[in-house]
Amino acid sequence: MNRRTLLQSAGVAAAVGLAGCVDGVREHFGLQGIIPMEIHNEGDRSRNLHLQARERNGGRESYEQSYSVGPGETVGPPHLDETEQSFRAAIIENEEEATVRAVSITPDTSLVVIRISEDDLVVEVQRNEGEDEIADGTEDADDADDEPSEEDGDGSDENETDSDDE
């Protein structure tokens, strides 16, 4: 009976000790959760898309991918890291950014959905807490982040200043 009690106590102590270590190992080795992404082209022609994310702490580029998405095609790009990031999606036409949408990614983000139509680009960020964010051009997230660029006048310079600011 004493041996059984001793082994049971040792097992409980080991389990409790390891429970705290899992979080420490995760932080030490940079193991993070992931945020899945989906790209849907609902238009009638192929579109080129550039995706970019930067960490909010330090501004390090954490994600950069480019895709050509055919009409009616759905693409599952590599996942984003589950960290605080600024995320940009841009439709590329004639080697320039034609339409740009920017959103915030947080550890609470559960899914990022990008929808491309003939005339628009919509980036939807779904969060676990129900506070979803949608960048669809009705309230341009780029203008909210870069108020001084509005004084430049035309919107063609705006995309160039966005890439320099971030």
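Student: How do you know how far to trust this chain?

Tutor: This is a predicted model. The chain averages a pLDDT of 78, and 72% of the residues score at least 70. Over residues 140–166 the pLDDT is below 50. That stretch still has 23 contacts in the model beyond near neighbours in sequence.

Student: What makes arginine 47 buried?

Tutor: Its relative accessible area is 6%. Buried means under 20%. Since 6% is under 20%, arginine 47 is called buried.

Student: Where does arginine 47 lie, and which residues is it in contact with?

Tutor: Arginine 47 lies in strand β3. Leaving aside neighbours within four places in sequence, its contacts include Asn41, Tyr67, Ile91, Glu93, Ile116 and Glu118.

Student: Why is the pair of arginine 47 and glutamate 93 called a polar contact?

Tutor: The cut-off for such a pair of N or O atoms is within 3.5 Å. The side chains of arginine 47 and glutamate 93 are joined at 2.6 Å. That value falls within the cut-off, so the name applies.

Student: What does the side chain of arginine 47 reach at 3.2 Å?

Tutor: It reaches the backbone oxygen of glutamate 118. Again, 3.2 Å is within 3.5 Å, so the label holds.

Student: How do you know that β3 and β7 pair?

Tutor: Pairing needs at least two bridges. β3 and β7 are joined by 8 bridges and run antiparallel. So they pair. One of the bridges links glutamate 55 to glutamine 85 in β7.

Student: How many bridges join β7 to β8?

Tutor: There are 9, and these strands also run antiparallel. Against a threshold of at least two, β7 and β8 therefore pair. Alanine 90 has valine 100 as its bridge partner in β8. Glutamate 93 stands opposite glutamate 96.

Student: What lies between the strands of that hairpin?

Tutor: The hairpin of β7 and β8 has 2 residues between the strands. Asparagine 94 takes a positive phi near 55 degrees there.

Student: What makes β4 and β8 edge strands?

Tutor: Their sheet is open, has 4 strands in the order β4-β3-β7-β8, and its pairing is antiparallel. β4 (61–69) and β8 (96–105) each have a single partner strand, so one side of each is left without a neighbour in the sheet. Neighbouring strands of this sheet are turned by 15 degrees against each other on average, direction ignored.

Student: Which strands stand at the edges of the 5-stranded sheet?

Tutor: That open sheet has the order β5-β2-β9-β10-β11, with mixed pairing. Its edges are β5 (74–75) and β11 (133–135), each with a single partner strand, so one side of each is left without a neighbour. Between β10 and β11 there are 3 antiparallel bridges. One of them pairs glutamate 124 with isoleucine 134 in β11.

Student: Which residues touch the most other members of the largest nonpolar core?

Tutor: Ile39, Leu51, Leu80, Phe87, Val112 and Ile114 do, in a core of 23 residues. Strands β2, β3, β4, β7, β8, β9 and β10 each supply at least two residues of this core.

Student: What does isoleucine 114 touch?

Tutor: Not counting residues up to four places away in sequence, isoleucine 114 touches Ile39, Leu49, Leu51, Phe87, Ala89 and Val123, among others.

Note on methods: Residues are numbered from 1 along each chain as its sequence is written. This is a predicted model: local features need pLDDT of at least 70, side-chain atom pairs count only at pLDDT 80 or more; totals for chains, interfaces and linings use all residues. Side-chain values use heavy atoms; hydrogens and water are left out. Axes are lines fitted to C-alpha atoms, for helices over the stretch in contact, and angles run from 0 to 180 degrees between N-to-C directions. A nonpolar core is a set of buried Ala, Val, Leu, Ile, Met, Phe, Trp, Tyr and Cys residues joined through side-chain atoms within 4.5 Å. Buried means under 20% relative accessible area, exposed over 50%, partly exposed in between (1.4 Å probe, protein chains only). Contact means heavy atoms within 4.5 Å. A polar contact is a pair of N or O atoms within 3.5 Å; within protein, one must be able to donate a hydrogen and the other to accept it, and residues adjacent in sequence count only if both atoms are side-chain atoms. pLDDT is the predictor's confidence in each residue, from 0 to 100.
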